[in-house]
Amino acid sequence: MERLTLSKKEFTLFKDYIYEHIGISLGEQKIYLVQARLAKRVKQLGLNDFTAYYHVLANDKTGEELEYLSSLISTNVTSFFRESKQWEFWKTHLPAMMEKKNQKLRIWSAACSTGEEPYSIAMFLEDNAPHIDVKILATDVSPRVLKEANGGIYSEKSAASLGATYLNKYFKKQRQSDVNVYGINESLKKNIVFRGFNLVTGNYGLFGEKKFDIIFCRNVMIYFDKPTQTALVEKFYKMLHKDGYLFIGSSEALTDIKTGFKSRSASIYQKV
Ligand SMILES: C[S@@+](CC[C@H](N)C(=O)[O-])C[C@H]1O[C@@H](n2cnc3c(N)ncnc32)[C@H](O)[C@@H]1O
């Protein structure tokens, strides 16, 4: 099959669609990346060109093609206890936090991917504050990653970074399709609720008066432009209790965003 070329006009169609529906802002220089990522899908669906694919997308009422598109454009890369310095910070500040919070913590992992982040939070709290009342909300735009997260089954490769102590304490080794896998213990799963939520177009009214003590929104804002990031950070500010924390990715920062947050450490902000 001949190589498919994405015209500038087609690129604009996809760029606008992706911005409106996923919130990811793509600069003009991303034309070749979009061409390469979408070409595979166009061929897979037996279509002749990108315009035909755009029509499939725009007419899909199930939302499944949008989900597929979002997995082509953004990455789901994650790992257990990612950004090690943030966990050290939290460990130091946890006792003071618990005192104020009356032994109750509400946490939101706002782009949880395949679950390593919320499960790390659950393991961290079980290790450092086993008797507190913990509820973790874990959301992502992608149903595919949420399904994996909910399953809580990890390959030997992704579990390897945890080391034997964590694996023995929080996982059960199992055989699946003739390979070893690690399944997270039910006792950790029970404090986590996984839900679909698009941070950009989602209905924040659904949260009602719910407030959090910590929001993890790591390694996703990097895909959004400044106005989208600003709007999101303002929402997070409102959704945190006073003194609550916002943890973002280490390659992200709130510079140039006017906010009430105070920087407490690299990529950690506090509502004051
Ligand atoms: C690189 S992963 C980050 C996972 C985890 N927070 C971490 O730092 O390891 C980015 C995640 O953001 C999700 N995502 C992308 N756009 C989103 C949106 N508009 N709303 C919610 N999640 C989104 C992707 O599906 C993906 O799972």
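Q: How many aromatic pairs does a search of the whole structure find?
A: This is a predicted model, in which local features need pLDDT of at least 70 and side-chain atom pairs count only at pLDDT 80 or more, while totals for chains, interfaces and linings use all residues. Residues are numbered from 1 along each chain as its sequence is written, and side-chain values use heavy atoms, with hydrogens and water left out. Rings of Phe, Tyr and Trp (its six-membered ring) are paired if their centres lie within 6.5 Å; planes under 30 degrees apart count as stacked, over 60 as edge-to-face and the rest as tilted. The number of aromatic pairs found in the whole structure is 29.

Q: Is the pair of F80 and Y154 stacked, tilted or edge-to-face?
A: The ring centres of F80 and Y154 are 5.0 Å apart. Their planes meet at 75°, so the pair is edge-to-face.

Q: How far apart in sequence are the parts that the pair of F80 and Y154 ties together?
A: Both F80 and Y154 are buried, a term for residues under 20% relative accessible area, with exposed for those over 50% and partly exposed in between (1.4 Å probe, protein chains only). Helices (H or I, at least four residues) and strands (E, at least two) are DSSP runs, numbered from the N terminus. F80 lies in the loop between α4 (64-73) and α5 (84-101), whereas Y154 belongs to strand β3 (residues 153-155), so the parts tied together are separated in sequence by 74 residues.

Q: Which residues do ring pairs link into a cluster?
A: The cluster is held together by ring pairs. Its members are F81, W87, F89, W90, F124, Y166, Y170, F216, Y245 and F247.

Q: What is the phi of F81, a residue that is not a glycine?
A: F81 lies in the loop between α4 and α5, and with a relative accessible area of 19% it is buried. Most residues other than glycine have a negative phi. The phi of F81 is positive, at about 50°.

Q: In which loop is N219 found?
A: N219 is a residue other than glycine with a positive phi, near 60°. Its place is the loop between β7 (212-217) and α11 (226-239).

Q: Which residues does A110 touch, not counting residues up to four places away in sequence?
A: A110 lies in the loop between β1 (104-109) and α6 (116-128), and its relative accessibility of 1% makes it buried. Its C-alpha atom is 7.8 Å from that of L137, which is 27 residues away along the chain. With contact meaning heavy atoms within 4.5 Å, A110 touches E117, T139, L199, I215, F216, C217 and F236.

Q: How far apart in space are K40 and I136, C-alpha to C-alpha?
A: K40 lies in helix α2 and is exposed, with a relative accessible area of 64%. K40 and I136 are 96 residues apart in sequence, and their separation in space is 36 Å.

Q: What distance separates the C-alpha atoms of T165 and L45?
A: T165 has its place in helix α9 (residues 163-170). Its relative accessibility is 64%, so T165 counts as exposed. T165 and L45 are 120 residues apart along the chain, and their C-alpha atoms are separated by 46 Å.

Q: Why does the chain count as being as compact as a globular protein of its length?
A: The secondary structure of the chain comes to 11 helices and 10 strands. The radius of gyration is taken over C-alpha atoms, and the globule rule is 2.2 Å times the number of residues to the power 0.38. The chain is as compact as a globular protein of that length because its radius of gyration, 20 Å, is close to the value that the rule gives for 272 residues, 19 Å.

Q: What share of the 272 residues in the chain is buried?
A: The C-alpha atoms fill a box of roughly 60 × 55 × 30 Å, taken along the principal axes. Of the contacts with a separation of 6 or more, 72% involve residues 24 or more positions apart. The buried share of the 272 residues is 47%.
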